[in-house]
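The following exercises concern one protein model. Please look at the sequence and the structure, then work through each task before reading its solution.

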Amino acid sequence: MVFIKYFFKNIKEYFKKLFFVLKYLRKNVNIKKPLHINEPKNVLIGRGTSIDCFSRLDCYSTSNNTSKIIIGQNTNICFNFTCLSAGTVSIGSNCLIASNVFITNENHGLTPGNSSYSSQPLIVSDVYIGDNCWIGEKACILPGVSIGEWCIIGAGSIVTRSIPSFSMAVGNPAKIIKVYNPDINEWINVKE
Ligand SMILES: CC(C)(COP(=O)(O)OP(=O)(O)OC[C@H]1O[C@@H](n2cnc3c(N)ncnc32)[C@H](O)[C@@H]1OP(=O)(O)O)[C@@H](O)C(=O)NCCC(=O)NCCS
C-alpha cells in the first residue's frame, strides 16, 4: 500500500515537471535538467529566458497558496541557481544571474524554545529584482530586498537591504560603491 502511494506520488510529480518543461519549450524558454521544482504551476517564466542545470525553484504551499516565482523575458540564469519562495520572488527581464546565486523571501521563525526552527511558521518578505540587472556569482539576495533596474551586484555579495536603480553594490552586507551617471555614461564612485 505504502509502495503504491509512493509510486503514484512520484508519477504525479514526474508529469507535473514534464508538463512544465513542455509548456515553456513552446515559449522558447530553455530549462536544462536536472531541475528541482516544487509547485510548477506557481512558477511563471517569460519568453526567451534560460535556466541552467542543477537549479532549484521551490514554491512553498502556504495557507493562502500565493507563493510565486516570476521571471521576466530573456533573462539568463546560470548553473546551480536556488530560489525559495513562500511569497513573491520577482526577477525582471533581460537580467543576468550568474552561477550559484541564492534568492529567498522567507525566514523560519526565529524563536528558540518549544519547537525547532524548521517547524516554526515562515516569515515572508517579498523580493523584487528590476529589469536589466546583473547579479554576480554566489551572491545571496535575502528577504525584503528590492533591487532597481540596471543594478550590478558583485560576486559573493550578501544583499540585506534594498538597492536603488543604476547602483553597483558589493560585499557582505552589500554596500553601494558606484552609481551610474547617464549624462556622462560612467559609473561614479560613491564616497564613504
Ligand atoms: C562588482 C564588479 C562588477 C565591480 O567591478 P569594477 O567596477 O571593475 O570594480 P572595481 O575593481 O573598481 O572595485 C571597486 C571596489 O570594490 C571592491 N569590489 C569589487 N568587487 C567586489 C566584490 N564582488 N566583493 C567585494 N568587493 C568588491 C574592490 O575591491 C574595490 O575596492 P577598493 O576601492 O577598496 O579597492 C566586479 O568586481 C564583480 O564582482 N563582478 C562579478 C563577476 C561575476 O560574477 N562574473 C560571473 C559572470 S556572469
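## Exercise 1: Strands 21 and 22

Strand 21 and strand 22 (residues 186-189) run antiparallel and are joined by 4 bridges. Strands here are DSSP runs (E) of at least two residues and helices are DSSP runs (H or I) of at least four, both numbered from the N terminus; two strands pair if DSSP finds at least two bridges between them. The model is a predicted one, in which local features need pLDDT of at least 70, side-chain atom pairs count only at pLDDT 80 or more, and totals for chains, interfaces and linings use all residues. Residues are numbered from 1 along each chain as its sequence is written, and side-chain values use heavy atoms, with hydrogens and water left out.

Task: identify the bridge partner of tyrosine 180 in strand 22, and state which residue in the turn of the hairpin has a positive phi.

Solution. 
- Step 1. Tyrosine 180 has tryptophan 187 as its bridge partner in strand 22.
- Step 2. The hairpin of strand 21 and strand 22 has 4 residues between the strands.
- Step 3. In that turn, asparagine 185 has a positive phi of about 55 degrees.

## Exercise 2: The neighbouring hairpin

Task: describe how strand 20 and strand 21 pair, and locate asparagine 172.

Solution. 
- Step 1. The pairing of strand 20 with strand 21 is antiparallel, over 4 bridges.
- Step 2. Methionine 168 has lysine 178 in strand 21 as its bridge partner.
- Step 3. This hairpin has 4 residues between strand 20 and strand 21, and glycine 171 takes a positive phi near 95 degrees.
- Step 4. Asparagine 172 belongs to the loop between strand 20 and strand 21. Its relative accessible area is 60%, so asparagine 172 is exposed (buried means under 20%, exposed over 50%, partly exposed in between, with a 1.4 Å probe and protein chains only).
- Step 5. Leucine 18 and asparagine 172 are 154 residues apart along the chain, and their C-alpha atoms are separated by 38 Å.

## Exercise 3: Two open sheets

Task: give the strand order of each open sheet and name the strands that stand at the edges.

Solution. 
- Step 1. Another open sheet consists of 6 strands, ordered 2-5-8-11-16-19, with parallel pairing. Its edges are strand 2 (35-38) and strand 19 (158-159), each with a single partner strand, so one side of each is left without a neighbour.
- Step 2. Strand 5 (residues 55-59) pairs with strand 8 (residues 82-85) in the parallel sense over 4 bridges. Aspartate 58 has leucine 84 in strand 8 as its bridge partner.

## Exercise 4: Salt bridges

Task: state how many salt bridges a search of the whole structure finds, and decide whether aspartate 58 is buried or exposed.

Solution. 
- Step 1. The search finds 3 salt bridges, each being a side-chain nitrogen of Lys or Arg within 4 Å of a carboxyl oxygen of Asp or Glu.
- Step 2. Aspartate 58 and arginine 56 meet through their side chains at 2.6 Å, N to O. Aspartate 58 is buried at 4% relative accessibility, whereas arginine 56 is partly exposed at 32%.
- Step 3. Glutamate 39 pairs with lysine 41, the closest N and O atoms being 3.0 Å apart. Glutamate 39 is buried at 15%, and lysine 41 is exposed at 56%.
- Step 4. Glutamate 13 pairs with lysine 16, with 3.7 Å between the closest N and O atoms. These two residues are 3 apart in helix 1 (residues 2-25), so about one helical turn separates glutamate 13 from lysine 16.
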